Amino acid sequence: MDKPLYRSIHSLDDFAFIGQENVNVIDEVYEEDSFWKELVKRIVKNKGSVFGFIMITVIVFMALMGPVISGYDYDEQIVGHESMAPRIPVLENFGIFDGSETLKTSTGDLLVNKYETIEGGEDAYHWFGTDVLGRDLFTRTWEGTRISLYIALVAVIVDVLIGMTYGMVSGYYGGKVDNVMQRSVEVLNGIPNLVVVTLLIIVLKPGLMSITLAIAITGWIGMSRVSRASMLKLKESEYVLAAKTMGAKDMTLMYKEILPNIFSQLLIMSMFSIPNAIFTEAFLAFVGIGIPVPMASLGSLISENFKSLTTHFYMIIPPVVVLALLMLSFNLLADGLRDALDPTMKEV
């Protein structure tokens, strides 16, 4: 028998398959979280924003239910209950908030408790005390918080409807349109808010309408500048030019192509404008050109009770604390939203 013309000089053991150990490994597929789930996770990681959200929720709940559970009306003057110290059930058993207060007299300190001297005082409870006219401060504080929350809502609506639209239109069309619109904003911005409110009060009656119009006239300028700058940055982007080439109209380009990409910045700006609007209303009420009596706002309560600071200091504490917590909570929540929606802001 003839020998084969060739002979293998290698055996099967001389070869090794690269990657053979990974042949039986199955790839793992991870489910991708949605944008909103990722947003919630980032917000939860920020303790400040969580605290702000919880405090806003509590304040909103108390503003809605506080005047209801107190049993008093915000303008109800109870004869004999003038300038009474706070008295809270259960806590009074521990010797705190039992209605007693120390008064400064010419002969020294005097500990008094009006709940023990007035008729029916043993069954009366004023959690925050009463003012000099005998009105329940618990009811008036949360009634005033409603005004502040209303101002916050007005600020957001004005920012979104007026400021965002004005800035986007100005930045999108540019040229003469942008020049005229921006010069008008500069003229309007040159008028102080206090002057605008004063003029409105001269024409209209003092109240929520005057403050609402004042915010609607000047409160949207900051938002318009942010939306205009964002529009100038994105209107020449490739995806916008592609949509324009395909025949998209101006309104479609602004609200369907560009707005979703700048909405996070506008939302953050709107959140930061809320404390400013609340403080503006409180300042106007403090100087006496805000909500008329007997209606109450946090600013008017601070203004009224400031006169009794040296004699009955407890009167000014509730509105000051609620106003401070409300403004701080909105700032913390806005800061958390900024970090969650735009993480690159941390590097700036």
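I began with Trp142 and listed its contacts (heavy atoms within 4.5 Å): not counting residues up to four places away in sequence, Trp142 touches Ile59, Met62, Ala63, Gly66, Pro67, Phe128 and Val322. The model is predicted, so I note that local features need pLDDT of at least 70 and side-chain atom pairs pLDDT 80 or more, while totals for chains, interfaces and linings use all residues. Residues are numbered from 1 along each chain as its sequence is written, and side-chain values use heavy atoms, with hydrogens and water left out.

Buried means under 20% relative accessible area, exposed over 50%, and partly exposed in between, with a 1.4 Å probe and protein chains only. Of the 28 residues in this core, Trp142, Met271, Ile274, Ile278, Leu323, Leu326 and Phe330 touch the most other members. Two or more residues come from each of helix 1 (35-45), helix 2, helix 3 (137-173), helix 9 (250-286), helix 10 (298-305) and helix 11 (317-341). Helix 11 gives the most, with 10 residues. I also found a second, separate core of 14 residues, which includes Tyr172, Val240, Ile262 and Leu266. Helices (H or I, at least four residues) and strands (E, at least two) are DSSP runs, numbered from the N terminus.

**Helix 2**

I then followed helix 2 from its start, where a side-chain oxygen of Asn46 reaches to within 3.0 Å of the backbone nitrogen of Gly48. Helix 2 has 24 residues and reaches 32 Å from its first C-alpha to its last, close to the 34 Å expected at 1.5 Å a residue; the expected span is 1.5 Å times one less than the number of residues. I noted a bend of about 40° at Leu64, with a proline, Pro67, following within four residues. The bend is the angle between axes fitted to the seven residues ending at a position and the seven starting there.

The buried residues of helix 2 include Gly52, Met55, Ile59, Met62, Ala63, Gly66 and Pro67. I looked at Met55 in particular, which counts as buried at 17% relative accessibility. Leaving aside neighbours within four places in sequence, Met55 is in contact with Leu325 and Ser329. Met55 and Phe330 are 275 residues apart in sequence and 9.1 Å apart in space, C-alpha to C-alpha.

**After helix 2**

Gly71, which follows helix 2, has a positive phi near 85°. I checked two further positive values in residues other than glycine: Ser83 has phi near 55°, and Val90 has phi near 75°. Ser83 lies in the loop between helix 2 (47-70) and strand 1 (100-105), and Val90 is likewise found in the loop between helix 2 and strand 1. Ser83 is buried, with a relative accessible area of 9%, whereas Val90 is exposed, at 54%.

**Helix 4**

I closed with helix 4 (residues 175-189), whose 15 residues reach 21 Å from first C-alpha to last, close to the 21 Å expected. Asp178, Met181, Gln182 and Val185 are buried there. Seen down the axis, these buried residues fall within an arc of 95°, so they line one face of helix 4; the arc is that of the directions from the helix axis to the C-beta atoms. Helix 3 and helix 7 (221-234) are included in what covers the buried residues of helix 4, while Lys176, Val180 and Val187 are exposed on the other side.

Conventions:
Core = buried A, V, L, I, M, F, W, Y, C linked by side-chain atoms within 4.5 Å. Polar contact = N/O pair within 3.5 Å; in protein donor to acceptor, adjacent residues only side chain to side chain.
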